[in-house]
Amino acid sequence: MTDELSERDRAVLAVERASWPGPGAKERAIREDLGISPTRYYQLLNALLDDPRALAHDPVTVNRLRRVREAQRERR
């Protein structure tokens, strides 16, 4: 395993870091910029949250998303 995230993984984190103006804008960007479905995007994002390389690359975003994921799990 390499110490670097792939370009796609960095792009996924960049999409999550961005702010989106309205409904559908993020999903449109996922399809157009990354060339994947929103479902696949969220699968990749969830896996990245458990990847120490992602945490090292963007600790603010990864930690924020980990907190959100944990809160969702606790509500279930």
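Guide: Gladly! Helices here are DSSP runs of H or I with at least four residues, strands are runs of E with at least two, and both are numbered from the N terminus. On that basis the chain has five helices and zero strands, and its pattern along the sequence reads α-α-α-α-α. Please keep in mind that this is a predicted model, in which local features need pLDDT of at least 70, side-chain atom pairs count only at pLDDT 80 or more, and totals for chains, interfaces and linings use all residues. Residues are numbered from 1 along each chain as its sequence is written, and side-chain values use heavy atoms, with hydrogens and water left out.

Lys-26 counts as buried because its relative accessibility is 14%, where buried means under 20% relative accessible area, exposed over 50% and partly exposed in between, with a 1.4 Å probe and protein chains only. Setting aside neighbours within four places in sequence, Lys-26 is in contact (heavy atoms within 4.5 Å) with Val-15, Glu-16, Trp-20, Tyr-41 and Tyr-42.

Two of those partners, Tyr-41 and Tyr-42, lead us to the aromatic rings. Rings of Phe, Tyr and Trp (its six-membered ring) pair if their centres lie within 6.5 Å, and planes under 30 degrees apart count as stacked, over 60 as edge-to-face and the rest as tilted. The count by this rule is one aromatic pair. With ring centres 4.9 Å apart and planes at 85 degrees, Tyr-41 and Tyr-42 are therefore edge-to-face. Tyr-41 is buried at a relative accessible area of 0%, while Tyr-42, at 37%, is partly exposed.

Helix α1 (residues 7-17) and helix α3 (residues 38-48) pack with their axes 10 Å apart and at an angle of about 100 degrees; axes are lines fitted to C-alpha atoms over the stretch in contact, and angles run from 0 to 180 degrees between N-to-C directions. So α1 and α3 are roughly perpendicular, a label for 65 to 115 degrees. Arg-8, Asp-9, Val-12, Leu-13, Val-15 and Glu-16 of α1 make this contact with Tyr-41, Leu-44, Leu-45 and Leu-48 of α3.

Stepping back to the whole, 33% of the 76 residues count as buried. The C-alpha atoms fill a box of roughly 35 × 30 × 20 Å along the principal axes.

Notes
Parallel < 35°, antiparallel > 145°, perpendicular 65-115°, else oblique.
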